[in-house]
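Dear colleague,

Please find below the structure that I am handing over to you. My notes on what was found in it follow directly after it.

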Amino acid sequence: MSETFFSLDIQPRFNETDGLGHINNTVIPVWFEAAREPVFEIFNPSLDLTKWNLIVAGFTIAYTFPTNYGKSVSVKTWISRVGNSSFEVTQQSWQEGKMTAEAKTTLVHYDYAIDKSQPISADVKSQLSQLTGV
């Protein structure tokens, strides 16, 4: 893995826009989830929902500047903490050189068959630890 973060470019759609020309605040969390797909693939390379092994334990977001329609947005995603069975993903959206939002999502490695968290393997921890965002 040569990059220390994942990046996803998004072109805001008209239907995501409010009356002031800003992207609605409910849209950016959806963009952030889409940008976490490469992280999901570390745990479940096929993204097979019958083998899904992550669950969201928490999510916070701060809107720092309006995101506008008609201008592309870049979402940067990296890992800010790795624990025994959980980890934290930090994400930022950027438009025209300005950070418009930042979120932190806590995900847990989870076994749905027994409804219990599971330790993250050393191999997966190693992959996550390379995604520092720097």
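Ser-93 is part of strand 4; strands (E, at least two residues) and helices (H or I, at least four) are DSSP runs, numbered from the N terminus. Please note that this is a predicted model, in which local features need pLDDT of at least 70 and side-chain atom pairs count only at pLDDT 80 or more, while totals for chains, interfaces and linings use all residues. Residues are numbered from 1 along each chain as its sequence is written, and side-chain values use heavy atoms, with hydrogens and water left out.

Ser-93 has a relative accessibility of 0% and counts as buried. The term buried means under 20% relative accessible area, exposed means over 50%, and partly exposed lies in between (1.4 Å probe, protein chains only). The side chain of Ser-93 makes a polar contact with the side chain of Thr-100, at 2.6 Å. A polar contact is a pair of N or O atoms within 3.5 Å; within protein, one must be able to donate a hydrogen and the other to accept it, and residues adjacent in sequence count only if both atoms are side-chain atoms. Leaving aside neighbours within four places in sequence, the residues in contact with Ser-93 (heavy atoms within 4.5 Å) include Ile-28, Phe-32, Val-73 and Met-99.

In soluble globular proteins, nonpolar side chains tend to be buried together. Here, the largest nonpolar core has 13 residues, and those with the most contacts inside it are Ile-42, Phe-43, Ile-79, Phe-87, Val-124 and Leu-128. Such a core is a set of buried Ala, Val, Leu, Ile, Met, Phe, Trp, Tyr and Cys residues joined through side-chain atoms within 4.5 Å. Helix 2 (37-43), strand 4 and helix 3 (122-129) each give two or more residues to this core, and the largest share, four residues, comes from helix 2. Another core, of eleven residues, lies apart from it, with Trp-31, Ala-35, Val-73 and Ala-101 among them.

Turning to the aromatic rings, four aromatic pairs are found in the whole structure. Rings of Phe, Tyr and Trp (its six-membered ring) pair if their centres lie within 6.5 Å; planes under 30 degrees apart count as stacked, over 60 as edge-to-face and the rest as tilted. Phe-43 and Phe-87 have ring centres 5.1 Å apart and planes at 10°, so this pair is stacked. The pair links distant parts of the chain, as Phe-43 in helix 2 and Phe-87 in strand 4 are 44 residues apart. Both Phe-43 and Phe-87 are buried. Tyr-110 and Tyr-112 form an edge-to-face pair, with 4.9 Å from centre to centre and 70° between the planes. Tyr-110 is buried at 17% relative accessibility, whereas Tyr-112 is partly exposed at 39%.

How many salt bridges does the structure hold? There are two, a salt bridge being a side-chain nitrogen of Lys or Arg within 4 Å of a carboxyl oxygen of Asp or Glu. One joins the side chains of Arg-13 and Glu-16 (3.3 Å, N to O), and Glu-16 is buried, with a relative accessible area of 9%. Glu-96 and Lys-71 meet in a salt bridge as well (3.5 Å, N to O). Glu-96 lies in the loop between strand 4 (86-95) and strand 5 (98-111), and Lys-71 in the loop between strand 2 (54-63) and strand 3 (73-82), so the pair ties together parts that are 25 residues apart in sequence.

Yours sincerely
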